[in-house]
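Thanks, everyone; I would like to take a few minutes to walk through one model. Please have a look at it first, and then I will go through the contacts.

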Amino acid sequence: MNLNQENDWVARSLQHVWHPCTQMQHHETVPLIPVSHGRGAWLFDMEGKRYLDAISSWWVNLFGHANPRINAELKDQLDKLEHAMLAGFTHAPVVELSEKLAALTNHALGHCFYASDGASAVEIALKMSFHAWRNGGQTEKQEFICIQGSYHGETVGALAVTDVSLFREAYGPMLQRAHVLASPDARLAEAGETAADVALRAAAALEAKLQERAGKIAAVIIEPLVQCATGMAMHDPVYLKRLRELCDQYQVHLIADEIAVGCGRTGTFFACESASIWPDFLCLSKGISGGYLPLSLVMTTDTVYQAFYDADVRRGFLHSHSYTGNPLACRAALATLAIFEDDKVLQKNRVKAEFLNTAFADLKNDVRVRHFRQQGMILAFDAVVDDAERAATFSRRFFAAALKQELLMRPIGRTVYMMPPYILEQDEMSLLAHKTRLVFEEVMA
Ligand SMILES: Cc1ncc(COP(=O)(O)O)c(C=O)c1O
């Protein structure tokens with residue numbers, strides 16, 4: 001592939017592809033990278049230049065690009081069944097996946113409802129909660145609580161419980177209002193306060209709201225342990241524990257959006273396990289298919305399931321997507337779960353997370369770095385940039401400088417983060433730390 005052909009792909013893409021989460025005009029100055037192929041933690045462009053995928057291609061890829069084991073499973077599945085509708089039919093991949101996931105929660109969440117993207121799973125959880133209360137005669141429970149800085153996706157229902165102004169500002173009038181309560185973000189600690197103190201303070205604010213309005217509240221939705229899209233805001237697990245207690249006490253559902261933090265990202269398979277709790281609804285997507293195919297799902301309890309189980313069709317959950325429970329996507333997920341089990345991934349990730357932390361030690365101690373933090377295979381820090389204009393362009397400048405160093409990184413504001421695939425080897429982690437340092441120096445100069 002020569003340079004002209006590469007430029008051709010870029011030009012053709014800019015002509016006809018409307019890229020996501022992008023001000024298209026920025027591509028007049030910001031490069032668009034035409035990807036030719038991927039291997040392991042690396043993406044290759046059409047000139048043969050490589051990029052270490054330090055953010056797992058938007059947090060989806062767990063075991064590398066073109067993973068031979070997932071590829072083999074998918075090839076096998078392709079010759080059996082590519083798709084069949086899930087209403088009135090079922091198939092082995094969806095049954096096996098649901099059984100395995102239920103077992104991973106010790107059957108606390110024994111029912112899986114499928115969709116394709118993360119936002120759809122959030123929509124499903126919100127609708128299911130609302131409808132479950134309604135079926136139980138509690139028709140007043142129509143409101144939702146989310147947390148400051150929350151991000152749950154960009155469809156209209158999910159955006160209503162999202163508190164990132166960049167994404168919701170333009171659509172405010174379209175969205176049903178949710179209650180937005182204090183964040184347990186450990187960075188909010190005042191002098192002398194621990195992360196647990198901040199978490200309990202935020203939980204107290206939640207309790208005050210529940211005391212006032214529990215009869216009207218269907219559910220609280222949270223991103224357990226790490227609010228990723230707002231800038232990797234991390235909190236103490238005591239927050240989750242307290243939330244579970246409060247939701248039980250005030251008869252409100254707890255929705256755990258584990259779309260970004262599930263599948264081992266924070267150290268345990270489900271982030272909620274860090275607090276030894278189960279929510280009423282757990283949303284999964286992204287990593288569950290190993291980063292291969294769009295798959296999302298909502299896991300829920302027998303109690304919720306039974307609230308819909310009835311002779312009357314209208315009491316059922318009449319929600320569907322064409323690709324619900326797609327066999328290929330489920331098979332990719334089964335292959336992903338098999339890798340977790342066979343390769344003792346959670347155990348190995350503990351060692352990798354420690355190595356990553358050590359590799360970044362010099363940045364951790366840099367005076368231009370604040371709030372260096374880590375939760376499992378997510379490592380983040382905030383760059384101190386006082387000049388407003390430079391702060392506003394930090395992320396874009398960092399992205400461009402990172403590309404020159406063969407890194408795919410997209411800071412959120414001034415928060416630089418790593419969320420790499422779990423297959424990263426020690427030499428790749430050292431390289432990542434070394435090159436991040438070079439990029440940081442260039443961008444901060
Ligand atoms: C916590 C969380 N919820 C929901 C979503 C939305 O998922 P999707 O982009 O697949 O719709 C995301 C995506 O980043 C997420 O991080």
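Predicted model: local features only at pLDDT ≥ 70, side-chain atom pairs only at ≥ 80, totals over all residues.

Across the interface of domain 1 and domain 2 the rule finds one salt bridge, where a salt bridge means a side-chain nitrogen of Lys or Arg within 4 Å of a carboxyl oxygen of Asp or Glu. That bridge pairs D382 with R187, and the closest N and O atoms are 3.0 Å apart. Residues are numbered from 1 along each chain as its sequence is written, and side-chain values use heavy atoms, with hydrogens and water left out.

Polar contacts come next, a polar contact being a pair of N or O atoms within 3.5 Å, where within protein one must be able to donate a hydrogen and the other to accept it, and residues adjacent in sequence count only if both atoms are side-chain atoms. Across the interface of domain 1 and domain 2 there are 16 residue pairs in polar contact, with both residues at pLDDT 80 or more. On the side of domain 1 that touches domain 2, the elements giving two or more residues are α2 (56-59), α12 (345-359), β13 (369-375), β14 (378-383) and β16 (415-418); helices (H or I, at least four residues) and strands (E, at least two) are DSSP runs, numbered from the N terminus. By class, that side of domain 1 has 16 nonpolar, nine polar and four charged residues, with Ala, Val, Leu, Ile, Met, Phe, Trp, Tyr, Cys and Pro counted as nonpolar, Asp, Glu, Lys and Arg as charged, and the others, Gly among them, as polar.

How is the chain divided? Domain 1 takes 33-66 + 344-444 and domain 2 takes 70-343, with bounds that come from an automatic or database domain assignment. The contact between them takes 29 residues from domain 1 and 30 residues from domain 2, contact meaning heavy atoms within 4.5 Å. Taken over C-alpha atoms, the centres of the two domains are separated by 26 Å. The area buried between domain 1 and domain 2 is about 2500 Å², of which carbon and sulfur atoms give 62%; buried area here is the accessible area (1.4 Å probe) that two parts lose on being put together, summed over both.

Let me turn to N67, which is placed in the loop between α2 and α3 (68-78). Is N67 buried or exposed? N67 is buried, because its relative accessible area is 8%, and the convention is that buried means under 20% relative accessible area, exposed over 50%, and partly exposed in between, with a 1.4 Å probe and protein chains only. The side chain of N67 reaches the backbone nitrogen of I70 at 3.2 Å, and, not counting residues up to four places away in sequence, N67 touches Y292 and I339.

D163, by comparison, sits in the loop between α6 (156-160) and α7 (165-168), and it is partly exposed at a relative accessible area of 28%. Its side chain reaches the backbone nitrogen of G149 at 2.8 Å, and, leaving aside neighbours within four places in sequence, the residues in contact with D163 include G149, R168 and V180.

Returning to salt bridges, a search of the whole structure finds 27. One of them joins the side chains of D362 and R437 at 3.0 Å, N to O. Because D362 lies in helix α13 (residues 361-364) and R437 in helix α16 (residues 426-444), the pair ties together parts that are 75 residues apart in sequence. Salt bridges that share partners join D362, D366, R368, R437 and E441 into one network. As for accessibility, D362 counts as partly exposed at 43%, whereas R437 counts as buried at 16%. Another salt bridge brings together K80 and D76 (2.9 Å, N to O), with K80 exposed at 59% relative accessibility and D76 partly exposed at 32%.

Finally, a point on the backbone: most residues other than glycine have a negative phi. K286, although not a glycine, has a positive phi of about 45°, and its place is in the loop between β11 (281-284) and β12 (296-300). E406 also has a positive phi, near 65°, and is found in the loop between α15 (394-404) and β15 (407-408).
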